[in-house]
Amino acid sequence: MNEPFQSSLTAVQKWVEERNYKGYDPGDGQTSFLAPLTFGNLFAERVLQQIIWKFPINLRPVLGVKPLDSTKGRGFMAFGHMLLFQKFRRDEDRLKGEACLDWLDKNHTTTYPGHSWGNHFKFSARGGSIPKGEPTIVWSSLIGQGFLEAFEQTQNERWLEVAKGICTWIQSIPRERTATGTCLSYVGYEQSSIHNSSLLGAGMLARTWKHAKKDEYIDLARQAVLYSCSRQREDGSWWYGEHPSFHWIDNFHTAYNLDNIKRYIDATGDTTFKPHLMKGYQYFKDVFFEDTGRPRYYHNHTFPVDIQCASQAIDTFALFSELDPDALEMAQKVARWTITTMQDPTGYFYYRQYPMMIARTPYFHWGQATMFKALAHLLCKMPCNGTRMNLVAHVDRPSGHLSC
């Protein structure tokens, strides 16, 4: 039963390791040699970035965009390796995960207190530009979950200290304070109120509090969960953000919301928001998937079918397998569709499926690292089928220390 998922994970892991954890990213267009021609104009920067991002054929090799390191890619790979270590207790998985975390510890942003991470490139959106290296709460919190997983698996205090450093940075960023909760900003230099990013920060604070017992972490986490739960829509969904320009509902950002409300509840035992969690989860499960397991991008559109929707869905259903007896089967159904439809014979996962074509550009973080972590999480939750997992050749596993 596990074999297709094990083989898929082995293939994508090999693809990433052969490229030394470097690759393209959807938003890396401003590293092109054409970038100086935008003269710093936001509209021109967005045009260049969007053409390279959305063109159905990969233009990067001819426009001078090179594969880069990726902080969030390393973070997802670290998390995946530690999940495999949790399942199989093999030192090689632990060592690979810790090597990624060590790289992240040495490559965090140094312009803010604590630990935080951004992109290796400038990114421009309708709301403005995020400079190269500028940390976001999304990347820092997602990466931070890998550090916490490593601490919980190894009890190495170094990883907990980094997690506390991330919480230091989260505490320093702007906040929107309201009578019904606080929204943590997406970035550190101005207030930007987005539900999924604020909840990612809350999940990071809550899970770290479980080990560090710093009351200021949990107080802020609860305020952030309150902000989003008090603005949950009647049907269980959330807008991307409350500002009218952010009024859309999509698959993987909804999943981020659910994961981190659950992390808050799991870490604290505070079940005040569990009705919101289950209402949102039922909406997610009912709206964003076809019978084949194909994930839909928006609540009212299927296309483009994005690899991030698939990977995050597998991950979220694995996380909810303790609460929903159908969740693990849903995770497997999405994984089977994704492996069959979106994985190249060379091991990497395609970017998007459109009605008439598939965009096959291989990104590192967006598709490879996220699928590696998602498949590792799925395998972690599945019972063993008696077959030996052949992830890496010549691995000696101490007897008496294996889950499978």
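What is the volume of the largest pocket? In this predicted model, the largest pocket has a volume of about 1,300 Å³, while the second largest pocket holds about 430 Å³ of space.

**Largest pocket**

- The lining of the largest pocket is made up of 46 residues, of which W53, F123, A125, Y186 and Y240 are the closest to its centre.
- Two or more lining residues come from each of α2 (42-54), β1 (123-125), β2 (128-130), α6 (137-154), α10 (251-268) and α14 (364-381), and the largest share, five residues, is given by α2.
- Divided by class, the lining of the largest pocket has 21 nonpolar, 16 polar and nine charged residues.

**Second largest pocket**

- The second largest pocket, with about 430 Å³ of space, is lined by 18 residues, and those closest to its centre are E149, E152, R207, D266 and L319.
- The elements that each supply two or more residues to the lining of the second largest pocket are α4 (71-88), α6, α8 (195-212), α10 and α14.
- The lining of the second largest pocket divides into five nonpolar, three polar and 10 charged residues.

- The largest cavity has a volume of about 80 Å³, and its lining consists of F76, F79, L142, Q145, L200, Y256, D259, N260, R263, Q312, D315 and K373.
- Helices α4, α6, α10 and α12 (307-319) each give two or more residues to the lining of the largest cavity, with the largest share, four residues, coming from α10.
- By class, the residues lining the largest cavity are five nonpolar, three polar and four charged.
- The second largest cavity holds about 70 Å³ of space and is lined by G23, Y24, D25, D28, K66, L68, D69, S70, K72, F121 and F364, a set that comprises four nonpolar, two polar and five charged residues.

**Packing of α1 and α13**

- The crossing in which α1 passes α13 is left-handed, and the contact is made by P4, F5 and S8 of α1 together with Q332, A335, R336 and I339 of α13.
- The residues of this contact between α1 and α13 comprise four nonpolar, two polar and one charged.

Definitions and conventions. Residues numbered from 1 in each chain as written. Predicted model: local features only at pLDDT ≥ 70, side-chain atom pairs only at ≥ 80, totals over all residues. Heavy atoms only, no water. Left-handed = near helix turned anticlockwise from the far one by under 90°. Contact = heavy atoms within 4.5 Å. Nonpolar A, V, L, I, M, F, W, Y, C, P; charged D, E, K, R; others polar. 1 Å grid on protein atoms, 1.4 Å probe; cavity = no way out; pocket = protein on both sides within 12 Å on 5 of 7 lines; lining within 4 Å. Points joined across faces, edges and corners; volume = space filled by probe spheres on them.
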